[in-house]
Amino acid sequence: MDPAESDIHVQAQNLEVVVVAKGFVARGWFPYFNLSDCADLLHSTLEHCGKGCQPHFGHCESTSKKSSGSGYPIGDGAYPNVQSGCVPCEGQSGSLPYCGADIYTNNYEFTPKTCRTVYYTFQITEGTISPDGVPRKALLVNGQMPGPTIEANWGDTVVVTVTNGLGNNGTSLHFHGLRQLYNNEYDGVPSLTQCPIAPGDTMTYEFVLTNYGTSWWHSHAGIQTWDGIFGPLIVHGPTSKEYDVDAGTILMQDWSHATVDSMYHAAEDAINGGPQTMDTGLINGMNVWGGDKEDYATGKRFELETKFEPGKTYLFRLINGAIQSTYKFQIDGHKLEVINMDFTAIKPYTTNILNVNIGQRYMVLVKADQTPGSYWMRAENQEACAKSTQGKDIKGIVRYVDASDATPTTTPHEYEEDECVDEPYASLVPINKMNAAEHDLEFEYDVIVKGDGRNLYRWWLNFTTFSSELGNPTVLSYIDNNTIPNVPGPLLIDVPNLGEWIYIVLESAIPLPHPIHLHGHDFLVLAQGEGNYTHGETPVNFENPPRRDTVLLPGAGHLLIAWKSDNPGSWLLHCHIGWHTSMGFALQVLEAKDMIKDTIKDAGMMGYTCRKWNEWVSWIDYRQLDSGV
């Protein structure tokens, strides 16, 4: 986008150029820095570093050297930086954008060498917003919810600098579904890979995009995500079918008029509390409260900016960012052709309604083949999973070109009943085949929930609930003194070697499903169903099973997942219902621990972040009240 044709302007200071779009710092040209030009002050703001210097990975570094080369536009008028001295696609078989790779290229073995780095600056603050017309306090990123979209190409490097402007809590960022290959230190999980970023402090995350598709980034500190610290993440890459227009992300979330932080004590109260009822849901941060009658409704429906042109095909990127809600997504009258789940390209299949569980993403194609007009887009909460007062009135609007701005009157595709299910197992067939080998290590966990000695609900795996220490993360402890914090106890799985197949069996007699998410890997879904898992009797699929990073453990059912250890680090496996993670439904996989130290790029930043956190904790007498993840 040409800045002259938009509301984007550019600010230049000390040879740094920052693109400012629609009132918030987005991303732009930044140089690579020379550490020798500045003192290593370990400060966290540009002002502290002094003129001609700025923070970079916990250090003050020079802004005087700007790399050469031209970038390419990827949205909001921003351009990435071309890495000095790097030759795009060098040693690879094609040219940019993907260096000859296509949908059939194995992205576990190949990453395009793009030589491009994209920069973002995020400021986390508190504020008041009214996404459905009802004002309430929230946590904001660059003054908005959802936060800015991180957007880049497969193979690009992304650098995200995060400043914690909260007055009373730490924070972090996790980039959901990214493998962070040999890059565990930037996975963003307090207690495992870092300490929380202390109030007033800054941390920079840097990673290469080794997989592609659609996802989201979010806080991994307590339940901050669902008070507002999250946003979309788009990694452009090949697709299995062509389309005309990328219509962007559709981020679905549940919403309450009280902060989820204020609801947490009731959720964990084992005597008078329990499951919570959310008020409503939002699509891309918008909805109405009270229906469509002008005399009492507040707020505004999300309306797709792209107008449908008859005959064209549109790509939608669906994300469920809810704390507890499962959605059935549809666009009235239109079919959805599913081409990607999480970060895995799949053989296309067609459906009218798509089941999207918490943390999951789908990419779907929609053809504009209906009578031109205005149509409802629906994300209906499934009451069988979790309660929501206005759960069937979470809607947006899709309009054809030249359609009026009238409220749609279209009718939905019907379904029999509310249900907590994944998409049909047989429909989720990866294009790049991967088979499971026999297990080297297998672990089995029974899932229960019960009160602890304080009458607070906790989730237990094999009678242990997960806990950790915010000020003593696993990775830092191990690289500093070769010790592992013993707080997680038996919920720490030690996988000493690479190349081993790890099998995890989860079973639950409780009729409540759980979306299970693994960091640092995609897993193969070998078995999923009702009842217990029985070795030798339960059907297991080893031949190109669904491969993803978030899957549903059915209520009163079982789940068998497997992955090959290929990524040194401390990786979290957890339920993605926000309440449940904080209440201990998690375990830690310590993979190839003797190799972790060699993967660390900036131990100084890791140590500095923990020093600042522990200083702040000691100053305010902070008490950790949840699992730490």
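The legends below describe an overview and several close-up views of a predicted model of a protein.

**Overview: the whole chain as a predicted model.** The protein has 629 residues, and 60% of them count as buried. Its secondary structure comes to 6 helices and 40 strands.

Close-up 1: Leu181, Tyr182 and Met595 make a nonpolar surface patch of about 230 Å². Leu181 is found in the loop that runs between β11 (174–175) and β12 (202–208). This residue counts as partly exposed, because its relative accessibility is 32%, a value that lies between the limits of 20% for buried and 50% for exposed.

**Close-up 2: a salt bridge between Asp566 and Arg179.** The side chains of these two residues, Asp566 and Arg179, meet in a salt bridge with an N to O distance of 2.8 Å. Asp566 lies in the loop between β38 (557–564) and β39, while Arg179 lies in the loop between β11 and β12, so the pair ties together parts that are 387 residues apart in sequence. Asp566 counts as partly exposed at 27% relative accessibility, whereas Arg179, at 3%, counts as buried. A search of the whole structure finds 19 salt bridges.

**Close-up 3: a salt bridge between Asp393 and Arg301.** Here the side chains of Asp393 and Arg301 meet in a salt bridge, with 2.8 Å from N to O. The pair links distant parts of the chain, 92 residues apart, since Asp393 sits in the loop between β28 (387–388) and β29 (395–399) and Arg301 in the loop between β19 (298–299) and β20 (302–303). Asp393 is buried, with a relative accessible area of 14%, and Arg301 also counts as buried, at 7% relative accessibility.

Close-up 4: Arg361 forms a salt bridge with Asp342, and the closest N and O atoms of the pair are 3.5 Å apart. Arg361 belongs to strand β26 (residues 361–367), and Asp342 to the loop between β23 (336–341) and β24 (344–351), so that the pair links distant parts of the chain that are 19 residues apart. Both Arg361 and Asp342 are buried. Through salt bridges that share partners, Asp342, Arg361, Arg548 and Asp549 are joined into one network.

**Close-up 5: the second largest pocket.** About 790 Å³ of space lies in the second largest pocket. Its lining is made by 31 residues, and those nearest the centre of the pocket are Asn169, Ile223, Gln224, Asp261 and Tyr622. Among the elements of the structure, β8 (136–141) and α2 (260–268) each supply at least two residues of this lining.

**Close-up 6: the largest cavity.** A search of the whole structure finds 8 cavities of 30 Å³ or more, and the largest cavity has a volume of about 80 Å³. This largest cavity is lined by 14 residues, of which His220, Gly222, Trp226, Thr581 and Val629 lie nearest its centre. The elements that give two or more residues to the lining are β39 (569–575) and α4 (578–582), and the largest share, 3 residues, comes from α4.

How values were computed. Residues are numbered from 1 along each chain as its sequence is written. This is a predicted model: local features need pLDDT of at least 70, side-chain atom pairs count only at pLDDT 80 or more; totals for chains, interfaces and linings use all residues. Side-chain values use heavy atoms; hydrogens and water are left out. Patches are made of residues with over 30% relative accessible area and no salt bridge: like charges are joined within 9 Å, nonpolar side chains (Val, Leu, Ile, Met, Phe, Trp, Tyr) within 5 Å. Accessible areas come from the Shrake-Rupley method with a 1.4 Å probe; for residues, only the protein chains shown count as cover. A salt bridge is a side-chain nitrogen of Lys or Arg within 4 Å of a carboxyl oxygen of Asp or Glu. Helices (H or I, at least four residues) and strands (E, at least two) are DSSP runs, numbered from the N terminus. Buried means under 20% relative accessible area, exposed over 50%, partly exposed in between (1.4 Å probe, protein chains only). On a 1 Å grid over the protein atoms alone, a cavity is a set of points where a 1.4 Å probe fits but cannot get out, and a pocket is an open set with protein on both sides within 12 Å along at least five of seven lines; lining residues have an atom within 4 Å of a point. Grid points are joined across faces, edges and corners, and a volume is the space filled by probe spheres set on the points.
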